[in-house]
Amino acid sequence: MAEVIFNKLEKVYSNGFKAVHGIDLKIAEGEFMVIVGPSGCAKSTTLRMLAGLETISGGEVRIGDKIVNNLAPKERGIAMVFQNYALYPHMTVRENLAFGLKLSKLPKDQIEQQVNEAAKILELEELMDRLPRQLSGGQAQRVAVGRAIVKKPDVFLFDEPLSNLDAKLRASMRIRISDLHKQLKKSGKPATTVYVTHDQTEAMTMGDRICVMKLGHIMQVDTPDNLYHKPKNMFVAGFIGAPEMNIRTSKLVEHDGRLHLTIGNETMPLSASKQEKVLDHKGQDVFYGVRPEFVSVADEPFAEGGCSGEMVRVENMGHEFFIYLKVADYELTARIPSDEAKPMIAKGLNRRVYFRFDMNKCHIFDAKTEQNISL
Ligand SMILES: Nc1ncnc2c1ncn2[C@@H]1O[C@H](COP(=O)(O)OP(=O)(O)OP(=O)(O)O)[C@@H](O)[C@H]1O
Ligand SMILES: [Mg+2]
């Protein structure tokens, strides 16, 4: 059991490239922390420094009450599952699970007990005498996770463990790993978990908290709900959520004593609570951000606060439609329940329709700093 702390952690590779820029992060004991961000943002570099597989150029990594900067991987109380979780092909599932423990010279009956325990948790009991080539992708991945569990680590590290699996299997493994974490917690042996992914759905569904990274910097560390509804900056707002948040340039202008967002040639009034937050940006260029589910569309003008655009494209998702509106020189995505969308779509595309944002769910970002000024 251990908390994990990064203190001004830095990585400069031998070619002089600075991959990690002095990040601070505190992961509580037993917490499931997801590190997410686009390719190249240094998720793996960060995880590998925690694991001891990459040297630390500056700052410190603590696990529990120890600074581990100079400890070898096997002295850190960690176990790691990678994307390429190569199992030993000539060993059975049982032998694969036991291998690490045999190396650490544990007594035989204890090895057997730990292997059986892991097999039970991961439902591998029927598969114990099979070779890796006789397993499906998901089963093999479960064995890889099992190899990590049997070590009873204080800290579990995962680096994109599911990215080789198809979408369906990924979804079920996601649940399994989350359940495993909860199970360990319940049994009084919580494992601090650091899980790296570039997939925001995995991040949102698995993390107690999520750390969003960009180019070796941390952009925000928060709960999934807060990242979704209260993104601190434009990067987090755009990265979390699918389909993406609509983020477009605008200006805060005043009409009749009330602040409005410019939307193409038209304007939309802010709600009283948003207006209060951004008063000091009156007259300035900003970006507005609104998630597709907070855009309403209608055939007729709204009584108050609506703008207009051309309905240029629709995508049928089954239970809902994505409706694309051409507004000025950009497009907006609206996410509309099927029953509501169908009658509008039946009237044909490429015609003028009306839309409105739920202004209380709208975000406004400073044009220069890209910070959210409307929280
Ligand atoms: N050995 C190395 N020498 C120099 N630069 C490196 C080295 N390894 C990685 N980098 C660079 O460091 C940055 C971070 O790489 P890293 O592999 O940590 O990213 P990542 O977030 O895990 O990306 P991905 O999602 O693609 O796995 C990248 O710009 C990468 O090119
Ligand atoms: Mg990586």
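These entries go from the ligand to the helix beside it and then to the end of that helix.

Entry on the ligand. I noted before anything else that this is a predicted model. I then looked up what surrounds ligand 1 and found 13 residues, the closest being Ser 39, Gly 40, Lys 43, Ser 44 and Thr 45. When I sorted this shell by residue class, I got 6 nonpolar, 5 polar and 2 charged residues.

I looked up distances from oxygen atoms of the ligand, and for Ser 39 an N or O atom in the side chain is 2.5 Å from an oxygen atom of ligand 1. Gly 40 takes part through its backbone, with an N or O atom 2.8 Å from a ligand oxygen, and a backbone N or O atom of Ala 42 lies 3.0 Å from an oxygen atom of ligand 1. I also wrote down that the protein covers 61% of the 640 Å² of accessible area that ligand 1 has on its own.

Entry on the helix. Which helix gives the most to the shell around ligand 1? I found that helix α1, residues 43-51, does so, with 3 residues. I then checked burial and saw that 7 of the 9 residues of α1 are buried, so the helix is largely enclosed by the rest of the structure. The buried residues are Lys 43, Thr 45, Thr 46, Leu 47, Met 49, Leu 50 and Ala 51, and Lys 43 and Thr 45 are also among the residues closest to ligand 1.

Key
Residues numbered from 1 in each chain as written. Chains lettered and ligands numbered in written order. Predicted model: local features only at pLDDT ≥ 70, side-chain atom pairs only at ≥ 80, totals over all residues. Heavy atoms only, no water. Near = heavy atom within 4 Å. Polar contact = N/O pair within 3.5 Å; in protein donor to acceptor, adjacent residues only side chain to side chain. Areas by Shrake-Rupley, 256 points an atom, 1.4 Å probe, with all protein chains shown as cover. Helix = DSSP H or I, 4+ residues; strand = E, 2+ residues; numbered from the N terminus. Nonpolar A, V, L, I, M, F, W, Y, C, P; charged D, E, K, R; others polar. Buried < 20%, exposed > 50% of the residue type's maximum accessible area, 1.4 Å probe, protein only.
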